[in-house]
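Colleague: I am new to reading structures. Could you walk me through this one?

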Amino acid sequence: MMIILLTIISVISFAFYLMDLKKNKFNIKTMAIISMISALSYILYIIQFIKYPQGGGISLFSMLPIMLLSILYGRTVGVTGGLLFGVLKLLNSAFIVHPIQFIIDYLLSTMVLGLACIFGIDKKYKIICGCLVAVSLSIVLNIISGVVFFAQYAPKGMNVWLYSFIYNFSTGGVEGILSIIILMILPIKRLEKVIVT
């Protein structure tokens, strides 16, 4: 039942993304920027502070470039960068047990990072709120995937939701919080003037 629900959510998410993509055509410069930022996220992703035995770990701010891309260039560009980043993650020994798990863990969880700009970028607190929502959605997707597809890794007698929360928050959650702290320090307005214009 849960897999059917996740399939429906995945299909709806991609349908909305494709409709958004149709409205916002990318020029060559934008495509090049998306490619470079996604590649940067991937490079940061393979540099891990801590590596867990079952896979995953705390990476070197791999979420940061995608969120920054979204803030500087908008939602569609950010989500596309997240999609490309997710595809690139497959190069680093991907662990796939089911097609829906692949979509959730490797595509949707990175695509939602592109929603960092949803509250606007005119004020710092709006950027931080958007980044918190983006990171939270990413972690929630990973938690759900952990519960549905990796429940067997939970220690005996431990609630699978609690296990998945601890595992995913201690990896993506910590990285997301650190990335948001870096974003708080960055001079976004100055970056926007220098990079976008």
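**Helices and rings**

Modeller: Gladly! The axes of helix 3 (residues 63-73) and helix 6 (residues 124-149) come within 11 Å and cross at roughly 130°. This is a predicted model, where local features need pLDDT of at least 70 and side-chain atom pairs pLDDT 80 or more, while totals for chains, interfaces and linings use all residues. Residues are numbered from 1 along each chain as its sequence is written, and side-chain values use heavy atoms, without hydrogens and water.

Colleague: How are helix 3 and helix 6 oriented to each other?

Modeller: Angles under 35 degrees count as roughly parallel, over 145 as roughly antiparallel, 65 to 115 as roughly perpendicular, and the rest as oblique. Helix 3 and helix 6 are therefore oblique.

Colleague: Which residues make the contact?

Modeller: Contact means heavy atoms within 4.5 Å. Helix 3 brings Met 63, Met 67 and Ile 71, and helix 6 brings Ile 127, Cys 131, Val 135, Ser 138 and Ile 139.

Colleague: How many aromatic pairs are there?

Modeller: Rings of Phe, Tyr and Trp (its six-membered ring) pair if their centres lie within 6.5 Å; planes under 30 degrees apart count as stacked, over 60 as edge-to-face and the rest as tilted. By this rule there are seven aromatic pairs. The rings of Phe 165 and Phe 169 have centres 5.5 Å apart and planes at 15°, so this pair is stacked.

Methods. Axes fitted to C-alpha atoms, helices over the stretch in contact; angles between N-to-C directions. Helix = DSSP H or I, 4+ residues; strand = E, 2+ residues; numbered from the N terminus.
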